[in-house]
Amino acid sequence: MATPLEKWIEEIAELTKPEKIHWCDGSEKEARELVKIGIEKEKLNGNPIFSELNKTTYPDSYLHRSHPNDVARTENLTFVCHPNKEMAGPNNNWMDPKEAKAKMLGLYAGCMKGKTMYVMPYMMGHPDSPYAKACVQVTDSVYVAVSMRIMTRLGGKVVEKIGSSDKFVKGVHSVGELDPNRRYIMHFPDEGLVMSYGSGYGGNALLGKKCFSLRIASYLGLKEGWLAEHMIIMGITGPDKKTFYVAAALPSACGKTNLAMMQPTIPGYTITTLGDDIAWMNVGPDGQLYAINPEYGFFGVASGTSMKTNPNMMKTLHANKFYPTLYTNVGLDTDKNEPWWEGMSEAPKNVIDWQGKKYDGKEKAAHANSRFTVSIRNCETLSPEEENPKGVPISAIIFGGRRSSLLPLVYESKSWQHGVFSGSIMGSETTAAAAHAAGVLRRDPMAMLPFCGYNMGDYFFHWLEVGKKMKNAPKIFFVNWFRTNEEGKFMWPGFGENIRVMKWILERAIGKGKAKETPIGSVPTVDGFDMTGLDVSKSDMEKLFRVNIKEWGEEIKSIEEHYKKFGATMPKELLAEYESLVKEYEK
Ligand code: GTP
Ligand code: SPV
Ligand code: MN
């Protein structure tokens with residue numbers, strides 16, 4: 001008798017009418033065959049799906065060019081289809097599930113004619129982890145199929161694991177016509193189902209990532225008492241050889257990957273990497289918060305990545321341990337057949353840009369949201385705890401944003417509740433990771449605005465509840481690498497120097513370290529902050545730590561408007577925190 005999984009695949013095939021069905025086993029042999037198909041047979045917008053890069057300097061690496069109208073997540077075309085609009089909240093686009101289903105079934109009808117449908121059984125999280133989830137995605141894109149091998153634990157024993165159960169997360173993906181007018185990313189949280197059509201890019205198409213591991217999983221977390229967050233997980237080992245683990249949320253393209261792999265500049269400190277984008281956090285039987293990374297690869301921003309900013313990522317890209325590595329929408333050095341992007345090095349002599357045009361230095365060679373896709377197993381700083389099914393205990397939670405003014409380099413919240421408040425009012429200047437105007441301030445609570453699969457008022461409440469379940473709730477911090485001076489230049493060198501901030505955070509997390517209280521929380525004192533060998537003046541450090549509540553007039557107004565959107569779902573504890581901030585301002 002057919003299993004629920006087999007039946008579901010039959011139904012989808014009946015609807016989409018592929019010429020062939022290929023069940024992925026996740027093997028390297030299979031990946032090589034798929035890449036070959038992408039090089040030799042299939043095209044996208046006139047380009048081969050994959051072009052092989054320099055075999056010697058970039059072995060097993062391939063260039064992919066997406067459709068120029070399909071270069072980032074499309075939040076305006078992303079819907080969360082709860083039974084009613086209130087459940088989706090003001091933070092999500094909502095469509096009635098029946099209407100959304102009908103729309104998608106219409107788009108899917110016959111959409112895979114003449115194509116292969118790839119069936120991808122995969123795990124988010126270690127298969128032995130009590131927190132992991134079994135999923136199955138179908139796609140008609142060979143790029144997506146190869147990417148999913150890098151990003152997830154694909155194939156293996158997942159089909160066996162699912163067996164005759166119907167409890168697996170379902171994803172249906174078709175690139176369709178790549179027409180923005182026929183592009184939708186629909187989530188059905190109650191069914192554990194994602195339907196995506198018309199895009200082949202990143203978070204729109206690799207459905208295990210933002211669609212499942214954040215939007216659907218955050219809703220599962222609400223029902224089951226855990227947190228699915230847009231966070232990195234990293235270990236930090238100090239001179240005493242003790243390792244602490246932290247989880248940090250920064251909005252898209254605001255420094256998560258860089259932080260997760262940083263090369264510390266101060267002696268005695270090393271870091272290990274567990275995840276660069278998503279953390280699932282559960283309160284363990286001992287009352288401690290544990291985090292796992294459900295993913296298995298990095299889909300990282302290429303532009304700006306260099307031996308200077310992120311040497312560990314550059315090494316990861318060249319490690320060539322796990323097949324293959326992909327580069328999407330980067331420039332190409334045609335003399336060397338190597339990828340190139342702004343910030344990597346001086347521009348080589350002959351470059352073609354991400355659309356294949358000759359690069360003349362006027363327009364960018366790499367798209368601002370160009371990315372590489374590489375296995376986490378290639379990463380030299382990978383933590384041995386990555387494969388621990390229990391996850392790692394979290395000592396500090398960090399939120400951060402891209403703020404050119406107002407917010408100090410780092411501050412410590414007064415309590416869990418106050419930390420949740422700091423996270424809930426997080427603002428960040430927008431980036432190229434999503435299709436919208438860049439550089440505009442938008443409130444992005446916990447870096448989850450585009451990813452919270454239900455009403456954010458309820459999400460804040462859930463954060464407060466999870467805090468109450470813990471014996472020793474981690475302290476909550478806030479960082480801002482992006483404060484600028486009068487000339488508009490970043491005041492903080494960032495990258496490897498961020499270890500100094502992490503050092504202070506860890507000292508505070510264990511009840512040590514020097515701090516000064518301000519109306520928004522505690523900031524470091526200049527003498528309590530490791531400045532040895534740092535090329536920033538004392539007076540600039542003072543400016544970086546400065547909090548002038550008198551400048552917060554506009555900010556307070558904007559927070560009020562932000563909170564108003566959530567109406568009656570706003571927890572009263574956070575409204576009280578807001579009132580005390582207003583009092584500080586009015587003092
Ligand atoms: P997503 O993958 O979109 O979720 O992004 P992310 O948060 O992982 O961002 P990533 O680390 O890829 O950094 C994005 C951009 O921010 C890159 O251009 C980096 O060079 C820049 N960046 C990262 N860390 C720092 C920092 O400490 N200081 C400054 N000035 N820029 C940084
Ligand atoms: C982000 O935008 O936060 C990303 C890239 O990590 S994507 O997978 O496209 O969501
Ligand atoms: Mn991200």
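Before anything else I noted how elements are named: helices (H or I, at least four residues) and strands (E, at least two) are DSSP runs, numbered from the N terminus. I'm working on a predicted model, where local features need pLDDT of at least 70, side-chain atom pairs count only at pLDDT 80 or more, and totals for chains, interfaces and linings use all residues. Residues are numbered from 1 along each chain as its sequence is written, chains are lettered from A and ligands numbered from 1 in the order in which they are written, and side-chain values use heavy atoms, with hydrogens and water left out.

**Ligand 1**

I started with the shell, counting a residue as near if one of its heavy atoms lies within 4 Å. There are 22 residues around ligand 1, and Ala253, Lys256, Thr257, Asn258 and Arg371 come nearest. By class I get 9 nonpolar, 9 polar and 4 charged (Ala, Val, Leu, Ile, Met, Phe, Trp, Tyr, Cys and Pro are nonpolar, Asp, Glu, Lys and Arg charged, the others, Gly among them, polar).

Which elements each supply at least two residues of this shell? I found α9 (256-260) and β19 (297-301), and α9 gives the most, with 3 residues. On the domain level, domain 2 (229-295 + 384-569) and domain 3 (298-378) each put in at least three residues; the bounds come from an automatic or database domain assignment.

Next I checked polar contacts (a pair of N or O atoms within 3.5 Å). Arg371 has a polar side-chain atom 2.7 Å from an oxygen atom of ligand 1. For Asn498, a side-chain N or O atom is 3.0 Å from a ligand 1 oxygen, and for Arg402 the figure is 3.5 Å, again from side chain to a ligand oxygen. The protein covers 90% of the 660 Å² of accessible area that ligand 1 has on its own (Shrake-Rupley method, 1.4 Å probe).

**Ligand 2**

I listed the residues around ligand 2: Arg73, Gly202, Gly203, Lys209, Lys210, His230, Ser252, Asp277, Phe299, Arg371, Ala433 and Phe451. They divide into 3 nonpolar, 4 polar and 5 charged. Arg371 is on this list and also among the residues that come nearest to ligand 1.

Where does this shell come from, by element? Both α7 (202-205) and α8 (208-224) supply at least two residues. Domain 1 (4-47 + 74-224) and domain 2 (229-295 + 384-569) each contribute at least three.

For polar contacts, I noted a side-chain polar atom of Lys210 at 2.5 Å from an oxygen atom of ligand 2. Gly203 uses a backbone N or O atom, 2.8 Å from a ligand 2 oxygen. The side chain of His230 has an N or O atom 3.3 Å from an oxygen of ligand 2. Taken alone, ligand 2 exposes 280 Å², and the protein buries 98% of that.

Most residues other than glycine have a negative phi, and most peptide bonds are trans. With that in mind I looked for exceptions. Tyr323 and Pro324 are joined by a cis peptide bond, with omega about -20°. Pro324 sits in the loop between α10 (311-319) and β20 (325-328). Lys241 is not a glycine, yet has a positive phi of about 70°. I placed Lys241 in the loop between β14 (231-237) and β15 (243-249).

Terms used. A polar contact is a pair of N or O atoms within 3.5 Å; within protein, one must be able to donate a hydrogen and the other to accept it, and residues adjacent in sequence count only if both atoms are side-chain atoms.
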